Amino acid sequence: MRAALTFTALLALSAAAAHAAKPVRPSDSALHAYVTGRYAVLDNEVGLAARLMEEARVADPTAAGIKRRSWELALANGDQARAFQLARSLAADGAGDPDVTMTRIAEAVVRKDWALAASLRQKLGGQGWPIVAGPVIDAWVAAARGDTAAALNLLDPQRHQGFLRAYIAEQRAHLLASLGRWDEAAAA
C-alpha cells in the first residue's frame with residue numbers, strides 16, 4: 001500500500017513538473033494576467049489589478065481593449081507616468097474620447113506645454129463634462145500665457161450657474177493664489 005502511495009505521489013509530482021515545464025505562449029500569459037487582473041478589480045485591489053493588466057498589455061500589445069483597461073487602471077492607481085504614456089499610445093491608435101484627451105491635457109500641463117494643452121482643449125468640444133472642465137483649462141492656459149485678465153474673466157463665478165458656480169469660484173481662488181494675490185484669493 002505504501003509503495004502505491006509513493007508511486008502515486010511521484011506520478012502527481014512528475015505531471016506537475018511536466019506541466020510547469022511547458023512553455024507559456026504570449027497569448028496565454030496575456031489572457032491569464034487579464035483575467036486575474038479583472039478579479040483583482042472586483043476585490044478592489046487596484047494596484048494589483050493595474051500591475052496585472054500592464055502584464056497583459058505587454059504580453060499582447062496589439063489588444064486595444066487591454067491597452068485601454070491598463071490605462072484606466074493606471075489612472076485609478078495614480079501611476080501618472082504610465083497613464084500619460086498609455087494615453088499618448090491610445091491617441092496614436094485613434095482614441096479621441098474626452099477621457100483620453102483629458103489625460104493628455106494633464107500631461108501637457110505638467111510639462112508646461114501650454115500650446116499642446118490649448119490644442120488638446122479644442123478637441124474636447126463643449127458637450128458633456130467638458131462644459132465643466134473647459135473654462136478651467138482655458139483659464140489656466142491663459143494665465144500661463146500671461147493673460148491674467150482673460151483667465152480671471154473665464155473664472156468669473158457670475159458667468160456660471162448651479163454647482164458650476166462654486167467650482168469656478170474655487171478655481172478662481174486657486175488662480176489668484178498662484179498669482180500671489182492672497183487677499184483676493186481669500187475673498188474668492
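Guide: Glu-107 is buried, because its relative accessible area is 5% (buried means under 20% relative accessible area, exposed over 50% and partly exposed in between, with a 1.4 Å probe and protein chains only). The model is a predicted one, in which local features need pLDDT of at least 70 and side-chain atom pairs count only at pLDDT 80 or more, while totals for chains, interfaces and linings use all residues. Residues are numbered from 1 along each chain as its sequence is written, and side-chain values use heavy atoms, with hydrogens and water left out.

The partner of Glu-107 is Arg-111, with the closest N and O atoms of this salt bridge 2.9 Å apart (a salt bridge is a side-chain nitrogen of Lys or Arg within 4 Å of a carboxyl oxygen of Asp or Glu). Arg-111 has a relative accessible area of 58% and is therefore exposed. By this rule, the count of salt bridges comes to twelve.

One of them joins Glu-54 to Arg-82, where the closest N and O atoms are 3.9 Å apart. This pair links distant parts of the chain, with Glu-54 in helix α3 (residues 46-59) and Arg-82 in helix α5 (residues 80-92), 28 residues apart (helices, H or I with at least four residues, and strands, E with at least two, are DSSP runs numbered from the N terminus). Glu-54 and Arg-82 are both buried. A network of salt bridges links Glu-54, Arg-57, Asp-79 and Arg-82.

The two helices that carry this pair also pack on each other: α3 and α5 meet at an angle of about 35°, and their axes are 13 Å apart (axes are lines fitted to C-alpha atoms, for helices over the stretch in contact, and angles run from 0 to 180 degrees between N-to-C directions). The crossing of α3 and α5 is left-handed (left-handed if the near helix is turned anticlockwise from the far one by less than a right angle, right-handed if clockwise). From α3, Ala-50, Glu-54 and Arg-57 are in contact with Arg-82, Gln-85 and Leu-86 of α5 (contact means heavy atoms within 4.5 Å). Of the residues in this contact of α3 with α5, two are nonpolar, one is polar and three are charged (Ala, Val, Leu, Ile, Met, Phe, Trp, Tyr, Cys and Pro count as nonpolar, Asp, Glu, Lys and Arg as charged, and the others, Gly among them, as polar).

Neighbours within four places in sequence aside, Ser-70 is in contact with Met-53, Glu-54, Arg-57, Arg-82 and Leu-86. Ser-70 is buried, because its relative accessible area is 0%.

A further salt bridge brings together the side chains of Lys-67 and Asp-93, at 2.5 Å from N to O. Lys-67 belongs to helix α4 and Asp-93 to the loop between α5 and α6 (98-110), so this pair ties together parts that are 26 residues apart in sequence. Lys-67 counts as buried, because its relative accessibility is 7%, whereas Asp-93, with a relative accessible area of 54%, is exposed.
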